[in-house]
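Here's a quick briefing to read alongside the model. Grab a viewer and follow along.

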Amino acid sequence: VTLIMRADNRGEGGILALSALIRGAAKNAGGRDPRKLLLLGLAGFLAILVVRLPAAWFAGQLPGQIRCEGLGGTVWHGDCEGMSIDQGLPNRAPLGIDALQWSLHPADLLRGRVSADIELQRGGSVARGTVTRGRGGLLDVRSLKGDLRIDRALLPPLPTGWQGVATFEDVTLRLDGSSITQLAGSAVLRGMTDGSSGRLGS
């Protein structure tokens, strides 16, 4: 890896410079096959590229209903600033999320699923948990903890203008399409208002 990062051949960069350096290193290493060293160097380069893949490269791969004003970090550990999710229903504003941060679990990819630790920020509140997308479109949310601002955009059954903060403690949720098939844990709504300065309590 160090060889790749410093492969400038006295100012001449690129693969040709890397090849020249490897040939020189092979001579100094007792005439070892330079092709093996080249393959080893390329493998190291590809490993670094995979580990450091910028999340912004995949902005075009997001589902059509999801928009992100700014993607940062890598595919494995990244963040999305200014996320909005089109709920696909008339007269309903997109769901806005101030920021989303994630850390992917690479081992789960070998099992055919995508899993990540996430942190959601919305309206000054923060919630953390683990989200897994499995085969057949199943979506599991585990160990959800923290606070999350609740309004009609996030919880459509609420009357217009109602809002508050939900405090979650070790919540587990499973979604199959748009249906909730499993729900456990505790959640408390507090600071509820009805949009006309009327406080509804908790």
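Ser143 sits in strand E6, where strands (E, at least two residues) and helices (H or I, at least four) are DSSP runs numbered from the N terminus. This is a predicted model, in which local features need pLDDT of at least 70 and side-chain atom pairs count only at pLDDT 80 or more, while totals for chains, interfaces and linings use all residues. Residues are numbered from 1 along each chain as its sequence is written, and side-chain values use heavy atoms, with hydrogens and water left out.

**Positive phi angles**

- Ser143 isn't a glycine, yet its phi is positive, at about 55°.
- Ser143 counts as partly exposed at 37% relative accessibility; the cut-offs are under 20% relative accessible area for buried, over 50% for exposed and in between for partly exposed (1.4 Å probe, protein chains only).
- Asp170, found in strand E7, is another non-glycine residue with a positive phi, near 55°.
- With a relative accessible area of 44%, Asp170 is partly exposed.

**The nonpolar core**

- The largest nonpolar core has 21 residues; such a core is a set of buried Ala, Val, Leu, Ile, Met, Phe, Trp, Tyr and Cys residues joined through side-chain atoms within 4.5 Å.
- Leu100, Trp102, Ile118, Leu120, Leu144 and Phe168 have the most contacts inside this core.
- Two or more residues each come from strand E2 (77-85), strand E3 (95-104), strand E4 (114-122), strand E6 (138-151) and strand E7 (163-176).
- What does Ile118 touch, leaving aside its neighbours within four places in sequence? Its contacts there are Leu100, Gln101, Trp102, Ala127, Arg128, Gly129 and Val131, with contact meaning heavy atoms within 4.5 Å.

**Thr130 and its surroundings**

- Thr130 belongs to strand E5 (residues 125-133) and counts as buried, at 12% relative accessibility.
- Its side chain makes a polar contact with the side chain of Asp117 (2.9 Å). A polar contact is a pair of N or O atoms within 3.5 Å; within protein, one must be able to donate a hydrogen and the other to accept it, and residues adjacent in sequence count only if both atoms are side-chain atoms.
- Setting aside neighbours within four places in sequence, Thr130 is in contact with His105, Ser115, Ala116, Asp117, Asp140, Val141 and Arg142.

**The disulfide**

- Searching the whole structure turns up 1 disulfide, defined as a pair of cysteine sulfur atoms within 2.5 Å.
- Cys68 and Cys80 are the partners, with an S to S distance of 2.0 Å.
- Why does this pair tie together parts that are 12 residues apart in sequence? Because Cys68 lies in strand E1 (residues 66-73) and Cys80 in strand E2.
- The link of Cys68 and Cys80 is right-handed, with 140° about the S-S bond.
- Cys68 is partly exposed, with a relative accessible area of 21%, while Cys80 is buried, at 1%.

**Whole-protein picture and confidence**

- The protein has 4 helices and 9 strands, running α-α-α-β-β-β-α-β-β-β-β-β-β from the N terminus.
- Of its 202 residues, 25% count as buried.
- The average pLDDT is 77, and 76% of the residues score at least 70; pLDDT is the predictor's confidence in each residue, from 0 to 100.
- Over residues 1-12 the pLDDT is below 50, and this stretch has 19 contacts in the model beyond near neighbours in sequence.
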